[in-house]
Amino acid sequence: MDNLPSAPTARIGADIGGTFTDVALVDGNGRLAIHKVVSTPPDFGRAVAEVVERLQRDGAVGPETEVIHGTTVATNAILERRGARTALLTTDGFRDVLELRRARAPELYDARYVPPPPLVDRRWRIGLRERIGPEGQVLVPIDEAEVRRVIAFLAAEGVESIAVCLLHSFRNPSHERLIGRILEETAAYTSLSVDLLPVIGEYERTSTTVVNAYIGPVVSRYVLDLAADLRRIAGIGRLQVMQSSGGLMSAARAARQPAQIVESGPAGGVIAGVRLGEVSAARDLICLDMGGTTAKASVIEGGVPTLTSEYEVGSGISLSSQMSKGRGYALKVPVLDIAEVGAGGGSIVTADPLGTILVGPHSAGAVPGPVCYAAGGTHATVTDANVVLGFVNPEAIAGGSRAIHPDLAHRAIRDDVASPLGLSVEAAAHGVFGVATATMARAVKAVTTYRGRDPRDFVLLAFGGNGPIFAAALAESLGMRHVRIPAAAGVFSALGLLEAEEAWHLSQSVFAVSAALDPDDLVRHYRVLERRLLDELAEGETRAVEITWGADVRYAGQGYDLTIPVDRTGAPGDLVARLRETFHATHARAYGHAAESDEIELVNVRVTGRLPRSGAISRATAASGQGASSRSIWLGPRLGRHVAPVLDRADLRMPVMGPVLIEEPDTTTVVPPGWSARLDEQNTIVMEHVA
Amino acid sequence: MSGDGGAGAHGTPLDQDPATLEIVRHALGSVADEMALIIARTAYSATVRDALDYSTGILNAGGELVAQGLGIALHLGSFPSAVGRIVETYGPTLQPGDVFILNDPYGWGGIHLPDIYIIKPIFHGGSVLAFAATVAHHTDVGGLIPGSNSTTTTEIFQEGIRLPGVRLYEGGRLNQAILDIIAANVRVPHKVLGDLRAQLAAVDAGERGYLDLVRRYGADGLAALEEALLNLAERMARREIASFPDGVYRQVAWIDNDSVDPGPVRIEVAVTIAGDTIKVDLAGTSPQVRGGINSPLPFTKSAVYAATRLVLDRSIPNSAGYFRAIEVVAPAASVVNPDFPAACGARGITGFRVMDAVTGALAQAVPDRVPADGEGGNTLVSIGANDQAGQPFVFIEMFCGSRGAGQGYDGPAGVPHPGSNNANLPIEIAESTYPVSYREYGLVQDSAGPGQWRGAPALVRDFDYLGSDGQVQVRSDKRDHPPFGLAGGGPGRRSMTTVDHAGEITERPVMGPSPILTGDRFRHELASGAGWGNPLARDPEAVLRDVRNDLISAARAALDYGVVISPDGTVDAEETTASRARSAPAE
């Protein structure tokens, strides 16, 4: 690893979206600059390289610069089925575990449900004669000669990547390790389940390992190419990639464990929310990131973002994924618990002839975009409705670079929604707004209500190009009274990349009831993981790694566990007692009851290591100087029509009452009647429902 | 207050603001989903927490289902019967904090004893607005055999503890005596009580979620919105049914036997489509049988509703509104409407077969919406004995996942019968929990029903049994009556159960109990999915792909599909054309 900077140097956060690539640069003096460029599919890294090249010519970056990257390359490889020719080595008799999944279709009454095809053809799923038992005992020894024969066959078939997942390997990794050593002699990309996910549950472990293998060659090529470009362009040697968990990992490690960066893209916004919460003392936040295609909701509770390890990749829009499995590929690694719904500014709206309005999941994207762009879009979209309602500037958006045609928006809403339903155009647009809000409310509920949390205990932090338009209405629909719109809301995710810390998660299955746990053994488990983590995380790092412990615990007999924090500084002797106490309380909070006389079971121990950031906070500023104006807006039958002043963010240094519109190049904030708005020290718009 | 259950099609969904209607539809669905999630996450038994054999719903004050969580289709249609009986019996005396428990299919709307309902009336301003309801399949409720799903019981008294609808909580106070009586009557009280706690947590969450909506929309407003949703579901269903060709469509499905008396059990349906209504008449179905496969009427109706729903638009709101377009007639004292005290512990198989008969009949009207026959519903394997440490256990495995092919797609492997959308039991969890060691869980070569689109191959589960000597109860089917193909597709392969005792392999009944001894190797192969369309019309490359994936042998490729594979591993186009011409002379 390269020499570490002793003083702050320039850092770049590069967030690549389907439409735009946002690059945020903090220079050595802490100044923030934002660059928004059009993305360059399919070679998404090119946009980043081009911006860095420009910055290098301007003398803004150099070899000391660190680049932090959020990318959807891994997700896209799966969605577009562009992964490697992949094989799976598993235990004889179980090669179909991958295909048979957990049974269960994701929806009731779907006679014609067909799950997505497995990422590995059956021909390349090969059962080896070997067997480990449930206590880790070797029931049938592995046959090295057979392994070599199978690998030779796969090489002859042109297989590029090999996943290895044997039954009960999390209890005894020796057989997988032997295969790993043999594979090291080959050119194949190798993924061992014991490296990725040494926990019980053969389907989820196999699927995770296969996903890693499938995207491995594509992702490793992408990040290593980008790293090489950065080195060539500006001598930059430090490329970090955002993980699905919200922590960073080195490009080299991302190349080995791409399963960890599948949800790299949306994680930046959540981390930005965490940091903003820290500096503005908002500990309980619901983040709403609404862009052009989707809206994503996530929860920060007590300053900590929520992680889930029940996730499916490639399932399109995910909602309540806990119940509704079967549309994608199970990936059981820590992922920020983000619920995504198909409601963005570009989402196409239609009228069901029986009287309902439908929003999404299809999107007009940026090209052709909403009808009001006059760029070829022919289907009414959410943004068209927002133009009709007066929420979007009727002349131009994006700092004047994108002309808006309100007449086209009006016509589109009339033809696609109002006429079929026998509604006025205004009522139809308001209906679209309401349905989009309701759809987002479902995403919010998926991460709150479904998890036993009440959204009214949270502050809504809304960002992305469209989040600030809907924030107040969404909050009202959920009974929430507090809303914040961060500065640079349209590129908030890129800021989050600059705020992220390097983090690494390791876990180990224990699977023992608390009565059978020896505190010393338990501490030993944690210490072993700590050592492994430091070895992997540090890679020559000298900065102090912050270690935290966690545990996945349940009542003996339950099938799902709750992850609870474990205080590693407490007395080792009462570790088990503390586990029990914390678990009862956590269970009661999550589900409304605790069974304190019941035995608890420790499923996994978890260790997380972090390399903390040196406190770079958002440097985003509030724009001013547009000049005062006003606009007529329609807020539905209850609130009616209002003439709303159109203000700059900077104007909110004096508190105002809605109705008000706050217009910025990348978004508009709607402050409805009954809401107050003011600016805080971070230039965040603070809105309160006072009526 | 809305909903006397017979509101009919007069209300119009458009008397409500469409956006609000959509919002409330999502909101009610969220409440039921949240209930479901809480059960999955807190239940104790593998049947509930891993196989997910439970359901959740919200019913209006009139007992109509207005929202349902992702659960088991065969359960959901039974909620109105159970809640209806509670209302009839306790209506005027209901009070806040009451929670009811029941499982009795005779007179209480239950569907068999292992399925225990927990029902909580939701109060606001002194009156009942709605009910939060859950039903979960409990691992054991006592009776003749561990797992309480015997096929050989001949009256319900042998099947376990019967719970009429009684208050488990009265005005918020727990009636501990009921739990104590249950605990004393079941083989694994820890699991049963743990699952009941999960159900109780779910109805509490349902109540909380529902009252949040009442605060937003008002009690009357919400009731009106629910009525609009019911009307919308009804209207969408009727509109679609009206587009189906009128006629009387008949279908017979068979259950091999009831495991007590020989001979098949006949399920006959006449499905009459007339305008925008469907009438399903089960006249001609066998009289009730001695074995435990009698399907109580609520379960039969549930099966008919679920089967009909399978051919309707999936975007219809998940409410009972569409039930209004469907009439069910079942002859008294028949296997689909038994008289007290007929045994019904294993009635699931009859529910599956009622669904298959109804969808088979509907396939004549709307052939593109119905796939060919599949495995016939999950195979239930239960063993109760002691494990290696001498501790008693009840092992239940719900083994499922061979669907038939449909027009345009092969039958998917690993996907359960739509009547019972349960999950599988992971091998690593099974081996860590029960005295079993698996040899195989996978697909069987050359088993898929052939067709232009082929069925799913048969699934096999094969394990060494390590517990003490005991009995294994199997509830399967389709040994004598294999899955039927559609549109010229071939049938699926028959199911099979074998036990290897000390090297001697014997076939065991696919329905009923038989001994299992320490060290025996138990193997069950599901019936496979049947095919859709003429196998000779299957794309030769698809056949080749199946051969390369070891799903069919080159020999079967030639025999069933007329596809000849060259020694170099490609399709011999010339030979294939010639072979297919020989098999199917010009018509």
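**Two chains, strand by strand**

Reader: Quick one to start: in β16(B), what's the bridge partner of G384(B)?
Author: That's Q471(B). Strands here are DSSP runs of E with at least two residues, helices are runs of H or I with at least four, and both are numbered from the N terminus.

Reader: And how many bridges join β12(B) to β16(B)?
Author: Five, and β12(B) and β16 (residues 470–475) of chain B run antiparallel. Two strands count as paired if DSSP finds at least two bridges between them.

Reader: Before I go on, what kind of model is this, and how do the labels work?
Author: It's a predicted model: local features need pLDDT of at least 70, side-chain atom pairs count only at pLDDT 80 or more, and totals for chains, interfaces and linings use all residues. Residues are numbered from 1 along each chain as its sequence is written, while chains are lettered from A and ligands numbered from 1 in the order in which they are written.

Reader: OK, back to β12(B). Is it mostly covered or mostly open?
Author: Mostly covered: β12 (residues 379–386) of chain B has seven of its eight residues buried. Buried means 20 or more other C-beta atoms within 10 Å of the residue's own, exposed means 12 or fewer, partly exposed is in between, and the C-beta atoms are placed from the backbone.

Reader: What about β12(B) and β13(B), how do they pair?
Author: In the antiparallel sense, over eight bridges, with β13 covering residues 392–399 of chain B. Within that pairing, S382(B) stands opposite I396(B). The hairpin has five residues between the strands, and G390(B) takes a positive phi near 85 degrees there.

Reader: Which strands form the open sheet of five in chain B?
Author: The order is β14-β15-β20-β17-β18, with antiparallel pairing. β14 (436–443) and β18 (504–508) of chain B stand at the edges with a single partner strand each, so one side of each has no neighbour in the sheet. Neighbouring strands are turned by 15 degrees against each other on average, direction ignored. For angles, axes are lines fitted to C-alpha atoms (for helices, over the stretch in contact), and values run from 0 to 180 degrees between N-to-C directions.

Reader: Inside that sheet, how many bridges between β15(B) and β20(B)?
Author: Five, in the antiparallel sense, between β15 (residues 459–465) and β20 (residues 521–525) of chain B. There, V460(B) stands opposite E525(B).

Reader: Switching to chain A. What's the order of its open sheet of four strands?
Author: β6-β5-β9-β10, with parallel pairing. The edge strands are β6 (125–128) and β10 (189–192) of chain A, each pairing on one side only. On average, neighbours in this sheet are turned by 20 degrees against each other, direction ignored. α7(A) packs on the sheet, touching β5, β9 (161–164) and β10 of chain A, and its direction makes about 165 degrees with that of β9(A).

Reader: How many bridges join β5(A) to β6(A)?
Author: Four, with β5 spanning residues 86–91 of chain A. One of the pairs puts T91(A) with L128(A) as its bridge partner.

Reader: Now the core. Which residues touch the most other members?
Author: In the largest nonpolar core, with 401 residues, those are V432(A), M440(A) and L460(A). Helix α12 (residues 425–447) of chain A gives the most to this core, with 15 residues. A nonpolar core here is a set of buried Ala, Val, Leu, Ile, Met, Phe, Trp, Tyr and Cys residues joined through C-beta atoms within 7 Å.

Reader: Why might nonpolar residues end up like that?
Author: As a rule, nonpolar side chains in soluble globular proteins tend to be buried together.

Reader: What is M440(A) in contact with?
Author: Leaving aside neighbours within four places in sequence, M440(A) contacts L288(A), M290(A), A295(A), A297(A), V341(A), A343(A), F470(A) and L474(A). Contact means C-beta atoms, placed from the backbone, within 7 Å.

Reader: Last topic: how many residues does the contact take from chain A and chain B?
Author: 58 from chain A and 71 from chain B. α12(A) supplies the largest share of chain A's side, six residues. By class, that side divides into 27 nonpolar, 16 polar and 15 charged. Nonpolar covers Ala, Val, Leu, Ile, Met, Phe, Trp, Tyr, Cys and Pro, charged covers Asp, Glu, Lys and Arg, and the others, Gly among them, are polar.

Conventions:
Contact = placed C-beta atoms within 7 Å.
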